[in-house]
Amino acid sequence: MAEQLQQLILDTLDREKEIKDTRTLTIPGDAAPATSQEAQLVVQGALNSLLSKEMVTYSMQEAFAYALTQEGNDIADKGSHEAVVWSVLPLKGQGAPLSIKDLKQKVGDETAKIGQGRAFKNGWIAKEGDGLVKLTESIDDTTRNELAEIRATGTLAAGEKAIAELRKRKLVQQKKLLWFSAQKGSNFSTSLDKLETDLTAEMLQSGAWKTAKFKKYNFDAEGIPPNGGALHPLLKVREEFRNIFMEMGFAEMPTSQFVESGFWCFDTLFVPQQHPARDLQDTFYVSDPPESLPPPTDYYEKVQKVHTVGGYGSIGYRAPWSDADSRKLLLRTHTTASSSNLLWRLANRKGGFKPVKMFSIDRVFRNEATDATHLAEFHQVEGVVADYGISLADLIGFMQTFFKKMGIHNLRFKPAYNPYTEPSLEIFAFHPMLDKWVEIGNSGMFRPEMLAPMGLPDGVQVLGWGLSLERPTMIRYGINNIRTLVGHKVSIDSVEKSAAVRF
Amino acid sequence: MPTVAVDKEDLFERLGQSYTTEEFDHLCFEFGIELDEDTTVEVEEAVKKGLPAERPQLKIEVPANRYDLLCIEGIARALRVFLQKQKAPVYKLVEPASMLTATVSPETAQIRPFFACAILRNVAFTPRSYASFMDLQDKLHQNICRRRQLVAIGTHDLDTLEPPFRYEARPPNNIKFKPLNKSEEYTATELMNIYEGEKHLARYLHIIRDSPVYPIIYDKQDRVLSMPPIINSEHSKITLDTKNIFIDVTATDETKLNIVVNIVATMFSEYCAEPYSIEPVRVVYPDGRTVIQPDISSRRTTARASYINSCTALSLSSEEIASLLERMSLEASVSPSNPDEIQVDVPCTRPDIFHECDIMEDTAIAYGFNNLPRTFPTTSTVAQPLAVSKLSDLVRQEWAMAGWVEVLPLILCSHDENFAWLNRKDDNQTAIKLANPKTAEYQVIRTSLLPGLLKTIRENRKHPLPIRVFETSDIAVKDKSAERQSRNIRHAAAVWCNKTAGFEIVCGLLDRIMAMLEVPRIFTHTENATHGYYLKETEDPTFFPGRAAKIFYRPKGNPPYSESQMSQTPSGSGTAQEAAGSGPIAAVKEAVSAAVSKLKSTDDVEIGLIGILHPTVVEKFEIPYPCSALEFTLEPFMKEVPHIWADDA
């Protein structure tokens, strides 16, 4: 049938040059022209097939028509409720009036209820005693007539106002009717060829591709997703940070040490033993293994001394010292524990200290309550520059270049407190979307109380800065809940779909 | 960082000018404190709605080491000096004709050995300054005092007491007094029970509960002032009308003792009839040592202009530095003997200054961090990735290209996830256990990447099959030889989850990465190969019986077992077998195979496991499909990276 219809369209176009209104067509096998919506959709299917072969073009037209609702159809068939009520009543003076109860029984509750009111209003019926009688011998059931007209023609000669009244009564509804105008296409012909959908090896071999006609390709259609793997978005951002550091000549620091001792994580950094960061509330302590081996004796004694009585120009904390606190094992709260260890090794390396630029990006742990922006684990990005005679101006200038590589141009610095850096600077960037300054990292110059006991030569300054990897990643991918980025609750789908990182 | 709520109107009145929120935010930013919140709008809205409202407040975050900024008095003072509206106040001790004394008994050494006091005379409180006085004590208690553990403060109406005072430590049953806000007397033992139910005090009880003696302060008539660090007495409590205030401070170390008594006394001495004057008290220790408290003298130190300039890339004169330091409440003058040297008197309110570098920082703050030159360090270095990172990235790239998806589970997991759910037993020799996790999710550091991968699959059960995920990351294990008794090991692991288990698929993933690492497969017929990897069937409760194998690696340069070794070794053990009287041929055969496998096991490294996961394992992780898994260490495959420095060993 589909081909017959396509043939009919082609023949009609050949004969009449165009089809102005497809509702004039009669679908092969149908008795009447295709005026219904269903029939027009069949016609559209045929037109689309022909369009893909560029044999026709067509435009879509819209018409509004009115159709009856279920109730409207009932009325058109049986008459309005008021007419039904009228019809069952005896004429006044010609028989016993019909009681309401009997009326309900005869015409049903709903018709009795609605019909009575309207029949009264129209002056068709009246009350007599306990019952009802009709007043006229004949009536003109306008509602029924109008509905019948709409059913037949799709509209009403009486006009929009009458239609609106019927729509209000939910007897009539508006229906959109699509129809089409068709013209000849660039490949118009009256013969239907079979079209190929794809170029095949057989066609190449047989040479059939030379004569074959191809179905028009739908360039709007999406391609088939490739069956490839994906890297995790957070680690893609890590890659970008690593690249930025490498571009700036930084060497990667070894950080494969989740478990640290109080000594390396805090003491060597001149974090006082009574500092709140060392609380059980904030730090994961290790119960097994029980404690670290003793740190290198010489260095340990120097660190203890600078805390308890000072030295190197410092008055120190002058607070009690606990060996046990130094030896406590814990999960590192920052990668600076590793940086500290490396700086100590650099100070004592064969051949003496050499200037370095170093970075690391690795996991750190905080024993904090978790929420939408905090997990017990996150990644710290850290940079360290150690050289003779470098200054705060170098740190600030360096930060500017570093963040510029991430597309952040507008920085300002706030004095802050950090036990192991002095000065300590919080880095703020202007966030154009939030329209405010937001903190993006911390930085500073390591304190002499930290560097001198390591044995770093006089005049060596060490600049350091750190930020979390998660925060810029959440901003990059517009993520509000960190659990959708890190951890087992991350959806594999989101990993597969996360875009490449280009700061 | 502590947050201090100050009355906005009062603060601006003290500063002698009003600020918009933006202007005040900027001032805070430059000075190194942070305006957290301005409640003005909130208050105005409440007033409009006719709701009860407090006066507008500014909530200011102050650095954790600036105890002098924990109250409006201190913040206003510091900002006025910073804005050059006044000079830093000079605090002075005013000795009365006869100084009050307090003696410390030897028993206090067992619990809280250090004691300090100070007296503020003729104080005029307003309701707001009274509230601020209480709030400062609370802020100090929560911060430097570490929730009263290290230091505790008590304040009293001096006119209700009679000196001299005695700081003692007594068994709790020998202490009886009427504590603050109670109408009856209780022994200390009773109080410990009563306060168990009072939340705001219950958290301090542990500090002294198990001590045989409790700290207690008496006046001449044996009236209790306070039982630090728990509660003051009702008798000596201060009120809005109190004129003369006695401050007691007890501590476990003398440095913090002095800091705290100095801060309380200096901050509120401004309300004395003679502002900034403090009356000292003589404290006599059991060894006869006498200390005049509080010691508010400033500390004389020096800073070099050359040092400050080299750290900040500025070229300020010593005079300029001195005047910048004045703005930070540090009294400074150029040394008469050395023009490069600045003499700095650090007031007792600035215990955060330890070193010349702290003075350098204050210079830079006063100059303005954002006014400093911005230069770029000339440090010339060579970039260098870590070997383990390069190797990890190689595996990640290859596996992703092979169609697998990288996931990022957590490193901490529950004990069950790491052991029982994998049908593994904890030998107590491997896993690192946490002492104080807040939830059972974080009990151990994972010793395998499998739990994280399986949890990820569990959470992604609705993802179309097959699910293929991998992770390349660290696990950690105990290591008795290491200083931190542990070490991280970089692992690579992958899990395939589908309607059929697909051992050959994870095997293909292993083959692929080994091919990329140029490690050939050793098959039964090539078992003499000098380098490569092979699978050897094993029984492992994590895996389905008959579908599990150990992955072995034979490193380059390790000689494979040779004919000569084979002929030598068995002959020796064969003799032994014969001596034991077993069948000679069977014994030789057995010995040969034992020796061969022994040889192999010494040469070849077991690097991991591969197999179909046991159905009870996937069930524990609530995965309704069969899974195949692969996990191995990357350590043997690390390539040595060149050292950055030519003279490195």
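How many bridges join β19(B) to strand β20 of chain B? Select residues 341-346 of chain B to show β20(B), and you will find four bridges between β19(B) and this strand, with the two running antiparallel. Helices (H or I, at least four residues) and strands (E, at least two) are DSSP runs, numbered from the N terminus.

Before going on, note that this is a predicted model, in which local features need pLDDT of at least 70 and side-chain atom pairs count only at pLDDT 80 or more, while totals for chains, interfaces and linings use all residues. Residues are numbered from 1 along each chain as its sequence is written, chains are lettered from A and ligands numbered from 1 in the order in which they are written, and side-chain values use heavy atoms, leaving out hydrogens and water.

**The sheet and its helices**

Stay with β20(B) and pick Gln343(B): Ser333(B) stands opposite.

**A covered helix**

Select residues 254-268 of chain B for helix α8(B), which has 15 residues. Of these 15 residues, 13 are buried (under 20% relative accessible area, with a 1.4 Å probe and protein chains only; over 50% is exposed, and partly exposed lies in between).

**A serine in a loop**

Move to Ser233(B), in the loop between β13 (231-232) and β14 (245-251) of chain B. Why is Ser233(B) counted as buried? Because its relative accessibility is 2%. Its side chain reaches the backbone oxygen of Val224(B) at 2.8 Å. Among the residues that Ser233(B) touches, not counting those up to four places away in sequence, are Phe177(B), Pro179(B) and Leu225(B).

**Where the chains meet**

Finally, show both chains. The contact takes 118 residues from chain A and 105 residues from chain B. Together the chains bury about 9100 Å², 57% of it on carbon and sulfur atoms; this is the accessible area (1.4 Å probe) that the two parts lose on being put together, summed over both. In chain A, select Phe258(A), His488(A) and Ile492(A), which lose the most area to chain B, together 8% of what that side buries.

Conventions
The expected span of a helix is 1.5 Å times one less than its number of residues. Two strands pair if DSSP finds at least two bridges between them. Contact means heavy atoms within 4.5 Å. A polar contact is a pair of N or O atoms within 3.5 Å; within protein, one must be able to donate a hydrogen and the other to accept it, and residues adjacent in sequence count only if both atoms are side-chain atoms.
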